[in-house]
Amino acid sequence: MEKIDIKDAYKFVGKEIEIEGWLYNKRSKGKVHFLIIRDGTGFIQAVVVKGEVEDRVFDMYDEISQESSLVIRGVVREDRRSPYKYELSVKNIELVHKAIDYPIQKKEHGIGFLLPIRHLWLRSRKQWAIMRIRYEIIKAIRDFFDKEGFILIDAPILTPSACEGTTTLFETDYFGDKAYLSQSGQLYMEAACMAHKKVYCFGPTFRAEKSKTRRHLMEFWMVEPEIAYATLDDIIEISERFITYIVERVLENKREELKILERPLELLEKISPPFPKITYSEAVKKLKEKFPDFEWGEDFGAPHETYLSTLYEKPLVITRYPKKIKAFYMKPDPENPDVVLCMDILAPEGYGEIIGGSEREDNYEKLLQRMKEEKMPVEDYKWYLDLRKYGSVPHSGFGLGLERTICWICKLEHIREAIPFPRLLEKIYP
RNA sequence: GCCCCGGUAGCUCAACUGGUAGAGCGGCGGGCUGUUAACCCGUAGGUUGCAGGUUCGAGUCCUGCCCGGGGCGCCA
């Protein structure tokens, strides 16, 4: 008797095996019971036929409620009538634990009902599929940078001061001093890339902004590569291959999950370098056709990003934004000091920004001046300025928001489903 | 911070210009040898978010409060 994962059932056709799982759903035709079993690796239909099992086992149908845990023994068969291609002719059922009144039904529920029971909601099929795609994307991210010769450098999560100075941070007590939860590992990556040339960090980041949209979480995961001697064009090229690689990996290994999510594949299958590239100024011109009041110098809002991204089938790279709407560490374009050497990448199908990156200011005096202009506490950033004092080089990097990428690839309505336990505005349970 | 919308059974929703509060799912009981969110018959289940007001009569109209949802801004 072999205990198997449902995902491997196809290898055991004709063999008697055992599956350890939970009851996902059940139907009955009177003398034939159909049990939909999930075990974490997949779903399978188990068929219990009157006369083919002991009456004791046949009658257990009435006992086993939705989400009851059970060990089920039977023979694997291929059957076109099954919703999962393979099914199990049941020999025996062992009820491990009877679940009483499981709250989530096989029907649509409101988000106000589902979010407080996220710990149970994760068992549902779509949520199961999303989490598996999330994991594939995480693996793809690590594999990509591994293959490209990057070193993983973990950035601290407790930090003494703000990274970009603009956003609101979560404050905590650090033995009597103030400390903040990190909103970006970038500045630390700039230090690390001077030691290892190609580095990245991948961890949670925190924003205490009172954002209440389908694109924002208080806690989200970000991957941030940083490369010494790299220019803006270098990181654009890497980003294109990076995004393409992630999409390819999901298409390759997570077909079943994409199908569960009913995610159309046509546009995903077209993702490949090169991506369309326009400058901020060109984007403004295109925007004026739809939004005549939009002025050069303003930052794009959600409707603007949506409009621009729907003009193309692939992710859209927008470069050289006005200096005044971008972070202090971005390097001005030598050919036009009003704009900086930066790029944002907008996901297609109306999903907004998933990547933001730039070439960094590598000149000590210019960086110091920019920090003073922003009224930043220069003392706190002495270490950061040091990087421009000892062997400064041109360097560039970018950040990719994991959950936004998941949202796009899974075609989700809201970012809260892209993370196991979302931290939302004034919602931190469970 | 700003702008919309909603709160009726465990869940998802219905109830016309104010006139006896209903369905599906889930639960419970019964039926069905290939179901696909199975289906069929029966059954229990409600202080219509809270407080006040108008009215012969309020789920429905008015006022206040509470709770929830959606969108924008900020960003990834």
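This is a predicted model: local features need pLDDT of at least 70, side-chain atom pairs count only at pLDDT 80 or more; totals for chains, interfaces and linings use all residues.
# A walk through chain A

Pro 430 lies in the segment after α13, the helix of residues 402-410. A cis peptide bond joins Tyr 429 to Pro 430, with omega at about 0°.

Another cis peptide bond sits between Pro 273 and Pro 274, where omega is about -5°. Pro 274 belongs to the loop that runs between α8 (266-269) and β13 (277-279). Most peptide bonds are trans, and most residues other than glycine have a negative phi.

Phi brings up two lysines. Lys 85 has a phi near 75°, a positive value in a residue other than glycine. Its place is the loop between β5 (69-78) and β6 (86-97). Lys 85 has 13 other C-beta atoms within 10 Å, so it counts as partly exposed. Lys 375 also has a positive phi, near 55°. This lysine lies in the loop between α11 (364-373) and α12 (382-386). Only 12 or fewer such neighbours make a residue exposed. Lys 375 has 8 other C-beta atoms within 10 Å, and is therefore exposed.

Now step back to the whole chain. Chain A holds 13 helices and 19 strands. Its C-alpha trace spans about 85 × 55 × 40 Å along the principal axes. Of its 430 residues, 37% are buried. Take the contacts between residues at least 6 apart in sequence: 67% of them join residues at least 24 apart.

Helix α6 covers residues 232-253, 22 residues in total. From first C-alpha to last it reaches 32 Å, close to the 32 Å expected at 1.5 Å a residue. An α-helix has 3.6 residues a turn, so residues three or four places apart point the same way.

What does α6 meet in α4? From α4, the residues are Ile 133, Glu 136, Ile 137, Ala 140, Ile 141 and Phe 144. They meet Phe 242, Tyr 245, Ile 246, Arg 249, Val 250 and Asn 253 in α6. The residues of this contact divide into nine nonpolar, one polar and two charged.

How do the two helices cross? The axes of α4 (residues 125-147) and α6 come within 9 Å and cross at roughly 135°. The two helices are therefore oblique to each other. Their crossing is right-handed.

Conventions: Residues are numbered from 1 along each chain as its sequence is written. Chains are lettered from A and ligands numbered from 1 in the order in which they are written. Helices (H or I, at least four residues) and strands (E, at least two) are DSSP runs, numbered from the N terminus. The expected span of a helix is 1.5 Å times one less than its number of residues. Axes are lines fitted to C-alpha atoms, for helices over the stretch in contact, and angles run from 0 to 180 degrees between N-to-C directions. Angles under 35 degrees count as roughly parallel, over 145 as roughly antiparallel, 65 to 115 as roughly perpendicular and the rest as oblique. A crossing is left-handed if the near helix is turned anticlockwise from the far one by less than a right angle, and right-handed if clockwise. Two residues are in contact if their C-beta atoms, placed from the backbone, lie within 7 Å. Ala, Val, Leu, Ile, Met, Phe, Trp, Tyr, Cys and Pro count as nonpolar, Asp, Glu, Lys and Arg as charged, and the others, Gly among them, as polar. A residue is buried if 20 or more other C-beta atoms lie within 10 Å of its own, exposed if 12 or fewer, and partly exposed in between; C-beta atoms are placed from the backbone.
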